[in-house]
Protein chains: 2
Amino acid sequence: MVDKESIIYGKNSITEALVSGKRQINKILISKNTNSDSKIQEIVNLARSKGIVFQFVPKEKFSIYSEFPHQGVVAQISPVKYTELDNFLEKSTGYKSVVILDGVEDPHNVGSIIRTAVCAGYDAIIIPSRRNAQVNATVEKASAGAINHIAIIQVNSLSNTIEKLKKHNYWIIAADAQGKDNYYDIDYCNMSFALIMGGEETGVSRNNLNKSDFIVKIPMLRNFNSLNVSNAASAIIYESVRQKLQTTKDSV
Amino acid sequence: MVDKESIIYGKNSITEALVSGKRQINKILISKNTNSDSKIQEIVNLARSKGIVFQFVPKEKFSIYSEFPHQGVVAQISPVKYTELDNFLEKSTGYKSVVILDGVEDPHNVGSIIRTAVCAGYDAIIIPSRRNAQVNATVEKASAGAINHIAIIQVNSLSNTIEKLKKHNYWIIAADAQGKDNYYDIDYCNMSFALIMGGEETGVSRNNLNKSDFIVKIPMLRNFNSLNVSNAASAIIYESVRQKLQTTKDSV
């Protein structure tokens, strides 16, 4: 069943939401048979100009929305107010820690990672607008409300985002089973860094691995290489916490 | 829907399973209105003698089993062959690491913790037969098959189990938000230890905290104290791995 808190439907409502910018829209689904409609065309143009993902889908895909008078167009909205990457970077002072999700499809994993990042005092989560679970009601629940305690940044291009982070002196650390260093052999202190966690099946994309300053692995002590991504994230995130807190203590 | 691989139903099938001991039974559910039936009484006696949990439940609870000719009795079976605690302790040589689950109710969390423990080379998972998710098909799936790569020990009393582990020179480490030490200030090397992870809401029980040699906490860097239990386990489990591998490397 579709949660009515998680969608906007109908041409006027969606046009209004796009114009006002008051609702965070994850994705707009448009039924293919409405293609030539002028109001739909307006929605497409607005979405394109604002960089919001839209997708033409067979009308059968709308059967789950049959209880709503949707007129062939549904926008999936987010329970979270996203932060703009540029705003986040400009307002930042001191060393920052962020997590980048690169293709994490399971909303429970996304929620758990946000939760861990909040507990660990991280500053932001960066989520690509395509090929990654968006912040929906399931993510919100799995995060135990943590989505409201951290900047969540939705970006259209991870590649551009990584470049921008590098210009702001972030070190890029990707987690990958084929990594050269063990995750605990990296020094997480005295720098801003972005930790990239890849999708459950696919891992961090080749392009993003190539852009990373470090590729770290989690050692596997049995012939079984299959850590859940949120648990892998937790091991690495809390290693960065340990280093910061133990270093602080030792230097007192 | 009930997975038919996860249950045995009917009086004769369950009696047979109890007598032969070939199937791992997590729990037997008996419909209250069958109470005076002599075959049911035999099942109760067999279950009691073998320390298998049974429970009388209102017959409405059986509605989910309506597709099976259950005769008012259903046994939830496990996809895993449990290891006996005594066998495990007797056969052990060298330092061992085990995880004890104390009231972890979500099967996804149980599966994830087993998965992490396997990746980290741990030796066993100890699960109490009451008030904890048992190893069922959901746990198996969440573990990504890890349940077949580690000894899984089902016990009736965690209290007795902890005493037995202590007699075998295990140190007992409980994770608790009110812990005295940070989890990384404990030395996990050169000893056998059991890490107790508590339930999502309840944490490690008071009785088991009292029996522990160490109570460790995970530092929280925001005003948000709510790590998912599988992610908390991952942080601690991989800290023990880090210590062992880094210590080994440093001493070479």
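Student: Which domains does the assignment give for chain A?
Tutor: This is a predicted model. In chain A, the domain assignment gives domain 1 as residues 4-77 and domain 2 as residues 85-251.

Student: How far apart are the C-alpha centres of domain 1 and domain 2 of chain A?
Tutor: The two C-alpha centres are separated by 31 Å.

Student: And how many residues does each domain give to the contact?
Tutor: Domain 1 of chain A contributes seven residues, and domain 2 of chain A contributes six residues. On the side of domain 1 that touches domain 2, one residue is nonpolar, four are polar and two are charged.

Student: Let us change topic to the helices. At what angle do helix 1 and helix 2 of chain A pack?
Tutor: Helix 1 (residues 11-20) and helix 2 (residues 38-50) of chain A pack at about 25°, and their axes are 10 Å apart.

Student: Why are helix 1 and helix 2 of chain A called roughly parallel?
Tutor: Angles under 35 degrees count as roughly parallel. The angle between these two helices of chain A is about 25°, so they are roughly parallel to each other.

Student: Is the crossing of those two helices in chain A left-handed or right-handed?
Tutor: In chain A, helix 1 and helix 2 cross in a left-handed manner.

Student: Which residues make that contact?
Tutor: From helix 1 of chain A come A:Lys11, A:Ile14, A:Thr15, A:Leu18 and A:Val19. Helix 2 of chain A supplies A:Lys39, A:Ile40, A:Glu42, A:Ile43, A:Leu46, A:Ala47 and A:Lys50. By class, the contact of these two helices has seven nonpolar residues, one polar and four charged.

Student: What about helix 1 and helix 2 in chain B?
Tutor: In chain B, helix 1 (residues 11-20) and helix 2 (residues 38-50) pack at about 25° with axes 10 Å apart. These helices of chain B are therefore roughly parallel to each other, and their crossing is left-handed. Among the residues that meet there are B:Ile14 and B:Leu18 of helix 1 and B:Ile43 and B:Leu46 of helix 2.

Student: How many residues are in contact between the chains?
Tutor: In chain A, 30 residues are in contact with 30 residues of chain B.

Student: Which elements of chain A give two or more residues to that side?
Tutor: They are helix 4 (107-119) and helix 8 (229-251) of chain A. Helix 8 of chain A provides the largest share, 10 residues.

Student: And how do the residues on that side of chain A divide by class?
Tutor: The side of chain A that touches chain B has 16 nonpolar, 10 polar and four charged residues.

Definitions and conventions
Residues numbered from 1 in each chain as written. Chains lettered and ligands numbered in written order. Predicted model: local features only at pLDDT ≥ 70, side-chain atom pairs only at ≥ 80, totals over all residues. Domains from an automatic or database assignment. Contact = placed C-beta atoms within 7 Å. Nonpolar A, V, L, I, M, F, W, Y, C, P; charged D, E, K, R; others polar. Axes fitted to C-alpha atoms, helices over the stretch in contact; angles between N-to-C directions. Helix = DSSP H or I, 4+ residues; strand = E, 2+ residues; numbered from the N terminus. Parallel < 35°, antiparallel > 145°, perpendicular 65-115°, else oblique. Left-handed = near helix turned anticlockwise from the far one by under 90°.
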